[in-house]
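Okay, everyone, thanks for coming. Have a look at the model on the screen, and I'll talk you through a few spots in it.

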Amino acid sequence: MRRYRHAASGILVPLAALAFWQLVSSMGWVNATILPSPMRVLVKWWAYLRPLEVFDPTQGSYLKWCFSGELIQDALGSLYRVLSGFVIGAGLALPLGLAMGYSRVVNGLFNPLIQVLRPIPPIAYIPLSILWFGLGNPPAVFLISIGAFFPVLMNTVTGVQTVDSIYLRVGRNLGASRLTQFTRIILPAATPYIFTGARIGMGTAFIVVIVSEMIAVNNGLGYRILEAREYLWSDKIIAGMFTIGLLGLGIDTLMSRLSSHLLKWHRGLEQG
Amino acid sequence: MSESAHISVRAVHKVFQSAGQDVYALKDINLEINRGEFVCLLGPSGCGKSTLLNAVAGFSLPSSGSIIVEGAPITAPGPERGMVFQEYALFPWMTVEQNIMFGLQIKKVARPAIQAKVDELLTLLHLEDFRKRYPKDLSGGMRQRVAIARVLAIDSPILLMDEPFGALDALTRRTLQDELLRLWLELRKTILFVTHSIEEALYLADRTVVMTYRPGTLKRDLAIDLPRPRDVASPAFNALKKELSQLLMEEQSRHTQDEFRSAAVD
């Protein structure tokens with residue numbers, strides 16, 4: 001009962017916003033090109049989602065046809081870039097972060113450079129990324145990997161550095177070697193931080209993918225809303241934006257589900 | 001010094017630097033603990049009893065003097081001196097079972113032998129139903145049972161216990177004290193047990209060593225010759241309790257004065 005009431009109250013503000021938007025459009029207060037009505041956006045959204053051609057069995061399976069819509073192709077393109085960039089960025093950040101957290105020497109070597117590079121927003125790398133990688137997926141993936149790299153790195157370092165020393169004392173007491181200490185104690189103890197970093201990194205990757213698609217590639221959700229602007233298709237811009245929002249929410253939900261599943265031992269997630 | 005001593009603490013000093021001054025946490029400690037003996041270290045907080053225990057464990061070595069275990073001076077922590085911590089210190093990412101088997105895996109014991117040992121310990125400590133649980137789902141008493149099982153798994157001849165029952169409620173505490181005595185009688189470990197509870201020391205130990213507050217020295221080494229199970233309401237028990245209370249109150253009042261003094265300086 002309480003849950004339903006909670007859900008009901010959660011839908012209140014979106015509904016009110018929608019009603020207000022519809023009111024503004026129906027009353028003709030704003031030019032429809034500047035702000036199309038919700039209904040027009042929905043219609044455009046459906047057109048964007050739907051396959052462009054009629055189903056033709058000679059061209060491939062029904063399933064393939066179902067996924068041939070522009071929106072789905074764009075979403076898959078964006079998702080591909082996000083995942084490749086994330087895997088590269090996090091894949092480099094994780095071992096470096098573990099080494100920096102574990103060893104003062106490694107931390108002393110890398111930290112100054114990291115601290116200088118970290119405040120540079122990934123977007124500032126756009127000119128270089130095009131110079132280095134040309135156009136297409138490579139510069140986009142490069143930018144995304146930078147976006148994912150730093151959150152994962154910083155959280156991994158903190159995670160390793162803040163491992164409660166009592167666990168290490170237990171390990172030494174039980175006779176654990178340094179390797180065992182690292183793999184069975186430090187690494188699992190740091191995972192809550194590492195997952196938090198991964199979640200933030202994924203969020204950053206998702207922001208960067210949209211920007212990178214506006215400059216370097218000719219598909220993807222970011223590209224599509226910029227293209228729609230050229231034709232003054234504001235309904236398609238808004239439909240694209242909502243798609244970005246929903247996809248981002250989906251990824252974040254997935255990440256948080258995954259981490260609460262893997263961290264079911266963790267106290268902090270009991271209520272989560 | 002007797003040759004039979006299992007743990008032999010010889011002229012141990014431990015000095016810390018505090019505000020540019022030397023503070024003697026331990027001063028000239030000499031203590032012999034025999035094989036199979038149950039010894040409690042009793043004293044007010046700050047008297048250095050945990051420092052002494054950590055020195056025996058090898059976590060923090062003495063500034064001077066030596067600690068001889070099984071005839072050899074200790075230089076580092078090791079599994080022959082298993083430690084049970086006040087904060088349980090179970091690995092939260094491991095289940096009860098995994099926590100208990102960790103030490104055996106380090107020793108590279110064969111898998112069937114590990115499983116047999118774990119089963120035995122789960123039964124011994126009444127933890128069978130909690131095998132797959134994570135520490136966060138256990139009560140304090142249950143957690144401490146697991147911590148004890150984890151140390152028993154590696155079969156250390158010496159158990160070092162740092163106020164292991166300090167955070168438990170009175171009933172759970174008594175239950176675990178009884179279980180510890182049962183295990184001790186069965187397994188014949190040498191136990192060095194730190195506590196600030198007079199009653200706990202009298203209930204458990206063969207010998208209770210009272211420590212002084214700063215510098216940490218041994219004030220009194222008292223054999224408890226009462227038969228077990230001990231009756232905490234008996235006149236003999238209470239006579240000893242009164243005696244120890246007086247000893248401890250003297251130290252406690254020095255501790256309190258010290259705190260007032262440092263508060264005044266602040």
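Let's start where the two chains meet: 20 residues of chain B are in contact with 15 residues of chain A. By contact I mean that the C-beta atoms of two residues, placed from the backbone, lie within 7 Å. On the chain B side, the elements that give two or more residues are strand S6 (81-84) and helix H2 (96-106). H2(B) gives the most, with three residues. Helices here are DSSP runs of H or I with at least four residues, strands are runs of E with at least two, and both are numbered from the N terminus. Sorted by class, that side of chain B has 14 nonpolar, three polar and three charged residues. For the classes, Ala, Val, Leu, Ile, Met, Phe, Trp, Tyr, Cys and Pro count as nonpolar, Asp, Glu, Lys and Arg as charged, and the others, Gly among them, as polar.

Quick housekeeping. This is a predicted model, where local features need pLDDT of at least 70 and side-chain atom pairs count only at pLDDT 80 or more, while totals for chains, interfaces and linings use all residues. Residues are numbered from 1 along each chain as its sequence is written, and chains are lettered from A and ligands numbered from 1 in the order in which they are written.

Now chain A. What does its secondary structure come to? Eleven helices and zero strands. The radius of gyration of chain A, taken over C-alpha atoms, is 23 Å, well over the 19 Å that the globule rule (2.2 Å times the number of residues to the power 0.38) gives for 272 residues, so chain A is more spread out than a compact globule. Its C-alpha atoms fill a box of roughly 75 × 55 × 45 Å along the principal axes.

Next, a helix pair. The axes of H8 (residues 165-173) and H9 (residues 178-215) of chain A come within 11 Å and cross at roughly 160 degrees. The axes are lines fitted to C-alpha atoms, for helices over the stretch in contact, and angles run from 0 to 180 degrees between N-to-C directions. That crossing makes H8(A) roughly antiparallel to H9(A); angles under 35 degrees count as roughly parallel, over 145 as roughly antiparallel, 65 to 115 as roughly perpendicular and the rest as oblique. Tyr167(A), Leu168(A) and Gly171(A) of H8(A) make the contact with Gln181(A), Ile185(A) and Ala189(A) of H9(A). That's four nonpolar, two polar and no charged residues.

Staying in chain A, find Lys44(A) in helix H2 (residues 38-49). Is Lys44(A) buried or exposed? Lys44(A) counts as buried, because it has 20 C-beta neighbours inside 10 Å. The cut-offs are 20 or more other C-beta atoms within 10 Å for buried, 12 or fewer for exposed, and in between for partly exposed, with C-beta atoms placed from the backbone. Beyond its neighbours within four places in sequence, Lys44(A) is in contact with Asp235(A), Lys236(A) and Ala239(A).

Last stop, the loops of chain B. Ala19(B), between strands S1 (5-18) and S2 (21-34), has a positive phi near 50 degrees without being a glycine, and it is exposed, with 7 other C-beta atoms within 10 Å. Glu70(B), in the loop between strands S4 (64-69) and S5 (72-73), also isn't a glycine and has a positive phi of about 50 degrees. Glu70(B) is partly exposed, with 14 other C-beta atoms within 10 Å. And the peptide bond from Arg228(B) to Pro229(B) is cis, with omega near -5 degrees.
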